[in-house]
Structures are given as C-alpha cells and as structure tokens.
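Visitor: Here is a model I would like to go through with you. Could we take it step by step?

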Amino acid sequence: MTAQDSKLGDTDDKIFVGKGDEQAWLTLALANRHGLVTGATGTGKTVSLQVMAEGFARAGVPVFAADIKGDLSGIAEVGEAKDFILKRASQMGLNFQPDQFSTVFWDVFGEQGHPVRATVTEMGPLLLARMLDLNDVQEGVLNVAFRVADDNGLTLIDMKDLRALLDAIVPDSGKKAADSAEDSLAAIRKAARGFGNVTKATVGTIQRQLLVLENQGGTKFFGEPALTLKDFMKTDRDGRGMVNILVADKLLQNPRLYATFLLWMLSELFEELPEAGDLPKPKLVFFFDEAHLLFNDAPKALMDKIEQVVRLIRSKGVGVYFVTQNPVDVPDRVLGQLGNRVQHALRAFTPRDQKAVAAAAQTFRPNPKLDTAKVITELGKGEALVSFLEGNGTPTMVERVMIRPPSARIGPITPEERKAIMDASPVKGKYDTAVDEESAYEMIQKRIAGTAATAESPAGASGGGILGQIGSIVGTIFGTNVKRGRLSTGQVIARDVTRSVTNQVIGGMAANIGKSVGGQLGGSIGRTLVRGALGGLLRR
C-alpha cells in the first residue's frame, strides 16, 4: 500500500471514487470499457460525475462532459472546505485538499462557451435526417442530394448550401424541352433523376423541416471553422487532462439536435483515431448526460451503428460514460457494453419504477451481504451502489459506498468567472469568428450567372483560339474551369489530367499528376466516400 492509498487519494493507476465496507476504485486501464451512472433526480449523479472527471484529469486523461444544469462548471474553480465536505472526507479517512482543473467551455450557440461547428458534409444524411425527423422517403431524397453534391463538387458547409442544393435538384416541369440547354442546373437535375424519383413536394417538406431547425438555432451549428476534435484531447502545463464542458442547458431544449450532436462526435472520433488497443489509461473520456435522448425514436439502422461504435471505440482508447435517470433508458445491447457502474437511489412508486429497480439490480454482480433491489430504494443522497471492472475485466461484487467529496467547487460558477476562463482559453480566437468561404451556394450561383453571361457573349469571345476552345470543353466536362474552395478526390484527378493534356499540347510540358494527387488523396477520400461511421449512406 502506498502513502496515497493510506490517505485514500488517487494512485497512478486507479481513481478513488468512494468507500463503504470496501473501497471503490476505478482502474484506469479498464476505464475505456465504458460505464453508466444512474439515479433519480437529486440523488447525487452530478457529484459522482465530477468526482470521476477530476480523477481522470489528475491522471492526465482529457475529459468531455455535457453539462445540462450548469452545476459541473464548478470544476474550474477551487473547492471550498465546507463543514459537510470536511465531515465526509474525515469519515472516509481522506485528506481533503481544495483543487481546481483546467477547463474549456463549449457551446453550440456560442453564448457561454466557444462555438462548436460541423459542416453539413461531416454530419452526413443519416444523422441529418434524424435531426430533421424525416421519414424514409424524405431521407432517401436527402441521400440523393448528398450524392449529387459529391459527384458535382458542391461542398456542403452550412444551411444555405443545403437549401441551394435542394432547390437545384427539384425537377423543373415548367420548362420546355427546347429551353433545357439554357438551364444552368440541368446537369444537376439530370444527375438527381438518375438516382430515383425526386418530387417537388418531398423537397418542400425537407425545406420546411430545415426552417424548424433554423428557428431553434441549429444554423449556428453548421459552418466553419469546424471543430477539430483533437482540441478535446489536450493536457495543461502540469500534465493534467483538460476538462471540456459542453454548455447544454439551452441545447437540451432541442433534444434531437443534442442527441445528434453527441452521436456526430462519437462518429468523428471513431473515424479519426487510430487503433490503440488496451492502454494504461484512456486517451479521452466522454460523459453523456441525459443519455436516453440518444436512443429515443432511433431507427434500427442508427441503433446498430450506435452499438457498433460503442463496442469498437474502446480499441481507439476512448471511454464513454452514459448518465441517465433510469437504467432501462439504455437498450440492452448497449447496456451490455458498460462495465463500470454507479447506481444512485431509484424510487419505486410506479410499475415502471419497480421494473427499473429490478432491472438495475440484475445488472450488478450479486453480493451475498446485500439485497441489491432493496438497497437501491434506500440509498441516501451521495450514496451509491458501485461495481467497477478489475483484474482481467470482470466486475467486482456490488458494494454500497459513500461517494467521496469533489476537490473543486460544487455548483455553478459566476458569469464573471466564466468570462475570465474563456479569456485565458487555449483555443481562444480559433473558433470564435465564423468564416463563410466559397461552397455549394456560391458555386450554384456562379453556374447560374455563368450561363447568363455565356448567353450574352458572342461566339468565340473566350479567346485562346482552337486550343483555348478545346481546353474550355475539356475543363467543362471535368469541372476544372470552375473555381472551387475545396475539391473532391475525383475533381483533383480530373483537374490534373486536364492540365497535363493542355500542357503537352501547347508546350510538351507534362504536369506532375502523381505529386498533386498523392498530397490530397488520403485526406479527402475518407470524407468524400465514407463521411463518418454514423453519417454514411446506409440506405443507398
């Protein structure tokens, strides 16, 4: 036993969580096997979350946590040695030492933290369809729109890009066939028809759902600069893990946006992080409050992906901890992946409550000394039934423990304290100002303007003689004579082929296609073809 053990502080490989007849330790090497924190309102779930987050941060593990009520923000300020805290620490044999932790605040709406943004392309049609509450037919049309965008080099960044694309794929039945050659968007409409029936009514429904999302503030989430998830995976100058807090009080007013955002983060991590196997400690730990919102009304295809990511992201070195009131809120196939459990009190007033108590009791490894189902209804505030993984990954017998007091402040911080923390943030200025670069909206407008200009210009006005006309035709076919902010892999190849042919004709100078393509292929092919583990085209 080390000196730290005798004082019941964290060790190099364990986090001290609580004490009853036995001590409850969370082993860092097994922390990426995920976990669950449950209990009725007011039973101490947030304090348990804070205790574990502090332990991970001390061990140098970055933490991400969604803060629904604002109570978790106190982790950024020094704890206060109040009488009840000192009393609980003394009863546990713990030397209470006030502490605080390096914290970065994030906010989808950019009001109480740094803005969090993603591009429409990164989100993908499956998650976006769930966010918009689309049916199968409408989701199919959305898939068509994304495919047309990929094939035509139309980068989808924000809401106006998606709106412009949807308008572009609507069949224009009012135009005469003779006029189709003058229609600048004819190629886009034809491409959309090639993937299936796209009706004006269906597109109109999707547009109305986009308006609902915009009215709820969802437009602030889509844009650039997009969040780089590696900014979550940092340590401070003392080697402690940074605590990233998502301000979610306002975000929770749109539960579908909240749930989709969390799923998007998991999918991005799953795609970006390399395989790591079993590490001495996780690379990153997520705490998802109100976790039941992730699973509400989720279609089977999405549930399959959630289960897959939860199961496989462990090998990426990421631990996921769900926080919810009731263990029955989590589907069984996901619940089976959660090895570390903290169960606060549940109330058994209704048949559903009684079912939840029984279900919670059955998920623990039995302890002959405890009637688990009975104890769950008797737990006081700050008490919990705990079972963590140990040794070769087997759960310990359930124990009734008192959760240790946090070292940082319990409760929310003031607006002035939050501002001071944000002013000293390591990512200050990186995300705070939105950027609107050229993307699908501007590209489509240029196509429309370009057609009008061509109609007004005399033949041959482009200049360049016969070689210029050949280059213009080839460039039009491949889309290389249109300026684009970002190119897909196919467009990179087409551009370089076009330039190479043109250079050989006019001067015999071969362009170095391999160098150009090689520098961009790896970074774009995954985003263009896969678009994330959860945002892929599942129903094509």
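Guide: Start with α9, which is mostly covered, with 14 of its 18 residues buried. Keep in mind that this is a predicted model.

Visitor: What end-to-end span should α9 have, and what does the model show?
Guide: Helix α9 covers residues 255-272, which makes 18 residues. The expected span is 1.5 Å times one less than the number of residues. That gives 26 Å for α9, and the value agrees because its end C-alpha atoms are also placed 26 Å apart.

Visitor: Which peptide bond is cis?
Guide: Look in the loop between α8 (200-215) and β7 (243-247), where P225 sits. Omega there is near 5°. The cis bond runs from E224 to P225.

Visitor: What is the phi of H34, and is the residue buried or exposed?
Guide: H34 lies in the loop between β2 (23-27) and β3 (35-38). H34 is not a glycine, yet its phi is positive, at about 75°. Buried means under 20% relative accessible area. H34 has 2%, so it counts as buried.

Visitor: Where does D133 sit, and what is its phi?
Guide: D133 is in the loop between α4 (120-132) and α5 (136-151). D133 is a residue other than glycine, but its phi is positive. The value is near 60°.

Visitor: Is D99 buried or exposed?
Guide: D99 is found in the loop between α3 (83-92) and β5 (103-107). The limit for buried is under 20% relative accessible area. D99 has 17%, so the residue is buried.

Visitor: Which side chain makes a polar contact with the side chain of D99?
Guide: Leave aside neighbours within four places in sequence, and D99 is in contact with R58, E77, V78, G79, R240, S407 and A408. One of these also makes a polar contact with D99, side chain to side chain, at 2.7 Å. That residue is R240.

Visitor: How far apart in space are A59 and G241?
Guide: A59 lies in the loop between α2 and β4. Residues up to four places away in sequence aside, A59 touches L28 and K281. A59 and G241 are 182 residues apart in sequence. C-alpha to C-alpha, the distance is 7.1 Å.

Visitor: How many cavities of 30 Å³ or more are there, and what is the volume of the largest?
Guide: The count comes to four cavities of 30 Å³ or more.

Visitor: Which elements each supply at least two residues of the lining of the largest cavity?
Guide: The lining is T46, L49, A66, D67, I68, K69, D71, L72 and D289. By class, that is four nonpolar, one polar and four charged residues. The elements asked for are α2 (45-58) and β4 (63-67).

Visitor: What is the volume of the second largest cavity, and what lines this cavity?
Guide: The second largest cavity has a volume of about 40 Å³. Its lining residues divide into four nonpolar, three polar and one charged. They are L36, T38, P327, R341, V342, Q343, T363 and F364.

Visitor: Which element gives the most to the lining of the second largest cavity?
Guide: The lining includes L36 and T38, as well as R341, V342 and Q343. Two elements give two or more residues, β3 and β10 (340-343). The one that gives the most, with three residues, is β10.

Terms used:
Residues are numbered from 1 along each chain as its sequence is written. This is a predicted model: local features need pLDDT of at least 70, side-chain atom pairs count only at pLDDT 80 or more; totals for chains, interfaces and linings use all residues. Side-chain values use heavy atoms; hydrogens and water are left out. Helices (H or I, at least four residues) and strands (E, at least two) are DSSP runs, numbered from the N terminus. Buried means under 20% relative accessible area, exposed over 50%, partly exposed in between (1.4 Å probe, protein chains only). On a 1 Å grid over the protein atoms alone, a cavity is a set of points where a 1.4 Å probe fits but cannot get out, and a pocket is an open set with protein on both sides within 12 Å along at least five of seven lines; lining residues have an atom within 4 Å of a point. Grid points are joined across faces, edges and corners, and a volume is the space filled by probe spheres set on the points. Ala, Val, Leu, Ile, Met, Phe, Trp, Tyr, Cys and Pro count as nonpolar, Asp, Glu, Lys and Arg as charged, and the others, Gly among them, as polar. A polar contact is a pair of N or O atoms within 3.5 Å; within protein, one must be able to donate a hydrogen and the other to accept it, and residues adjacent in sequence count only if both atoms are side-chain atoms. Contact means heavy atoms within 4.5 Å.
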